Amino acid sequence: MANLLEILTSAGINLATALGFLVAFALLRLQPINDRVYFPKWYRKGIRGSPTSSGTFAKRFVNLDAMTYIKFLNWMPAALRMPEPELIDHAGLDSAAYIRIYVLGLKIFFPITVLSLAVLIPLNYTNDTLEKSNEVEYSDIDKISISNVPNASLKFIGHLILSYVFSIWTCFVLYHEYKTVATKRLEFLASQKRRPDQFSVLVRNVPPDPDESVSEHIEHFFCVNHPNDYLTHQVVYNTNKLAKLVAQKKSLKNRFVYYQNKYERNPEKSRPITKTGFLGLLGDKVDAIDYYTTEIEKLSEEEKKERERVASDPEAILPAAFVSFKSRWGAAVCAQTQQSSNATIWLTEWAAEPRDIYWRNLSIPYVELNVRKLLMAVAFFVLISFFMIPIAFVQTLANIDNLKKALPFLEPIIEKKQVMSVIQGFLPGIALKIFLAILPMILMLMSKIEGYTSLSSLDRRSAAKYYLFILINMFLGNIVAGTAFEQLEEFTSQASSEYVKTIGRTMPMKATFFITYIMVDGWSGIAAEIIRLVPLALYHFKNTFLVKTEQDREEAMNPGSLAFATNEPRIQFYMLLGLVYSVVTPLLLPFILIFFAFAYVVFRHQIINVYDQKYESGAAFWPRVHMRVIIGLIVSQVLVIGLFSTLDVQYSTYILIPQPILTFWFYRVCKGRFEPAFVTFPLQDAMVKDTVERATEPTLNLLAYLKDAYVHPDFKGGEMYKPEAIDEEERNPLVPTKRTSQMASQTGSKHESEGSEGPFLKS
């Protein structure tokens, strides 16, 4: 296990790395040639102009103003200067709420850190329990942990009291943050500009009807059951094959543009040549421009035929649709109520905004969704079990003796003091981070297979999986596996009745491993986030070889977005560590506090200047943020109960057992008090927005605004069938239907609710 020298070595390495990244970023962002990489958001908004378009040749590429280099760190105060209301207007509520997660961490852990360092470290350090014990291995850091307090000591009263104080303070902060974000969400929705999703719902599992097509059946149902509010609808098509053709055509166009640009830059040279085989490396040599022109024309014709086939083929129309209403109130009523006496059909939910929709999953039949979720649950269980192997291996790196046994030929190198410090203070954290690099892609793929229909729901679902994985493998797996490896000899020589006591005593000693991980991931990792090395390299590569026009240059910018599916669980992991070790090993807390403060500044800068969010959900993820902090708090409370049970502290279990019970009760109170604001939209607020809009825009043509909002992107620009909309001024009292008789409807549509059978009058 790492001692104080090794922790300081790791701190030095990571601080030097973070400082190097920050200095490099501060210098790179000043260069005009990099302006689009570090300020793409302002270019997307049309506010910032390129500094490379004017001035002398040298000034277009290099900043020659010496004063800017003297103030190269002014980006930090600039990132903190923008007030939150302006930040919400600039970047959206999702981004502002994400920043509040770091604020939440600072609010929770700053008082806890001060109190813990001032009270618990003196209580722990003024003992010699570990020095007198021959049962366990320990380091200098363990002397200031709870492991150094003798069993049944009265000093544990301080730990018990502070355990309650920390829990109460955490709940207090959580309540007020939940209340604040819920209020901001309602204010944001009330002040938000008109968007298609405010008037639309997604309808799934439309029952079949023998007399009407899916589109006609949907129109008939909503004309009958929402006669005063229904406006129009857009059925969902299975366009997966068309999407492949569109993607393939886009790829060919990119290659065509590349060769076209290459030729136009040097027209005096011969025309570019390519091969017709795999990746242009195999096959016959042909003229690249002519070849890709021909291939694009072929694909365009094939794409046109497929588009026509999808639009006319009843089998390509899915039992789902986006239904739009004349008012937000009408959409809210439909989205938040049950449409049929049969709760498995005519399922409605709020439609995501068009850019948020994951179109591919709309083609999944509803009956498959539960099967897919079950299969992915099994696959996730297997994934968690598989990853225990690399987790255990990482723990062998954290112990030099185990590493010598596993790799005896490296013993002469490992024995060197400098190498030993690097291995124990730096290598375990970086090795674990490498193992976790591919995990988010796997979890996102699993979420897509489960069938979620919006990018925001995919992010939230992936984040839930990632957090569960972190909790089981990274936290519990590291504690259990690490303890087992480090105390293997003691385990084999002790009676089985002593196992729990040994694990309870050695669990606090894993804080050294987590400290190294926080420095690698939380310090160096955050610093690497701001320098954007990969987008920087890709931009200059494209700008050098592919960019020809300003539009090409705009497309070469890659602002990215908040990786909520990975970043939010990572924040929760640090909160979990802080809550668990606040009473056990207080020295870990300053490292977490530094992470939250540093990440707050960095991500605030990125949100203001760089990230371009793919969607806006109005902070719909906050209930899950709150829930995961509560889970971390309960886990910490249960582990503290288990730890104190091994320390012979009289009545400790009875004293501490109310904590998780009261915390769960607190969670239920907050859930009932605030979560409805994130799930439903108040009818009162919807009516207010509708009334104001009708008064300020009496001539608004809502049908024209909504009719193409939910057309599949692969259809835009082409012809497709659109169901005829109901004219708002039409006063025809009969609902159009193709059913031959009411009897035919009753026998042919057994899943249909009674309120939509046969010809009915509009109310």
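Predicted model: local features only at pLDDT ≥ 70, side-chain atom pairs only at ≥ 80, totals over all residues.

Q: How many helices and strands does the protein chain have?
A: Helices (H or I, at least four residues) and strands (E, at least two) are DSSP runs, numbered from the N terminus. The protein chain has 34 helices and six strands.

Q: What share of the protein chain counts as buried?
A: Buried means under 20% relative accessible area, exposed over 50%, and partly exposed in between, with a 1.4 Å probe and protein chains only. Of the 763 residues in the protein chain, 51% count as buried.

Q: Among contacts between residues at least 6 apart in sequence, what share join residues at least 24 apart?
A: A contact means heavy atoms within 4.5 Å. In the protein chain, 81% of the contacts between residues at least 6 apart join residues at least 24 apart. Phe380 counts as buried because its relative accessibility is 9%. Beyond residues up to four places away in sequence, Phe380 touches Leu443, Met446, Lys465, Leu468 and Phe469. Phe380 and Phe469 are 89 residues apart along the chain, and their C-alpha atoms are separated by 8.8 Å.

Q: Which residues touch the most other members of the largest nonpolar core?
A: In soluble globular proteins, nonpolar side chains tend to be buried together. A nonpolar core is a set of buried Ala, Val, Leu, Ile, Met, Phe, Trp, Tyr and Cys residues joined through side-chain atoms within 4.5 Å. The largest one has 130 residues, and Tyr98, Phe475, Phe573, Leu577, Tyr581 and Trp622 touch the most other members. Helix H27 (residues 588-609) gives the most to this core, with 15 residues. A second, separate core has 24 residues, among them Val201, Val203, Cys223 and Val310.

Q: How do helix H28 and helix H30 cross?
A: Axes are lines fitted to C-alpha atoms, for helices over the stretch in contact, and angles run from 0 to 180 degrees between N-to-C directions. Angles under 35 degrees count as roughly parallel, over 145 as roughly antiparallel, 65 to 115 as roughly perpendicular and the rest as oblique. The axes of H28 (residues 622-645) and H30 (residues 658-674) come within 9 Å and cross at roughly 170 degrees, so the two helices are roughly antiparallel to each other. Residues making the contact include His626, Met627 and Ile630 of H28 and Phe666, Tyr667 and Cys670 of H30. By class, this contact has 10 nonpolar, four polar and no charged residues. Here Ala, Val, Leu, Ile, Met, Phe, Trp, Tyr, Cys and Pro count as nonpolar, Asp, Glu, Lys and Arg as charged, and the others, Gly among them, as polar.

Q: How many disulfides does the structure hold?
A: A disulfide is a covalent bond between the sulfur atoms of two cysteines. The criterion used here is a pair of cysteine sulfur atoms within 2.5 Å. The structure holds zero disulfides. For Cys171, the closest cysteine sulfur is in Cys670, 7.7 Å away, which is too far for a bond. Cys171 counts as buried at 12% relative accessibility.

Q: Which loop holds Asn205, and what is its phi?
A: Most residues other than glycine have a negative phi, and most peptide bonds are trans. Asn205 is not a glycine, yet has a positive phi of about 60 degrees. Asn205 is found in the loop between strand E1 (200-204) and helix H10 (214-225). With a relative accessible area of 18%, Asn205 is buried.

Note on methods. Residues numbered from 1 in each chain as written. Heavy atoms only, no water.
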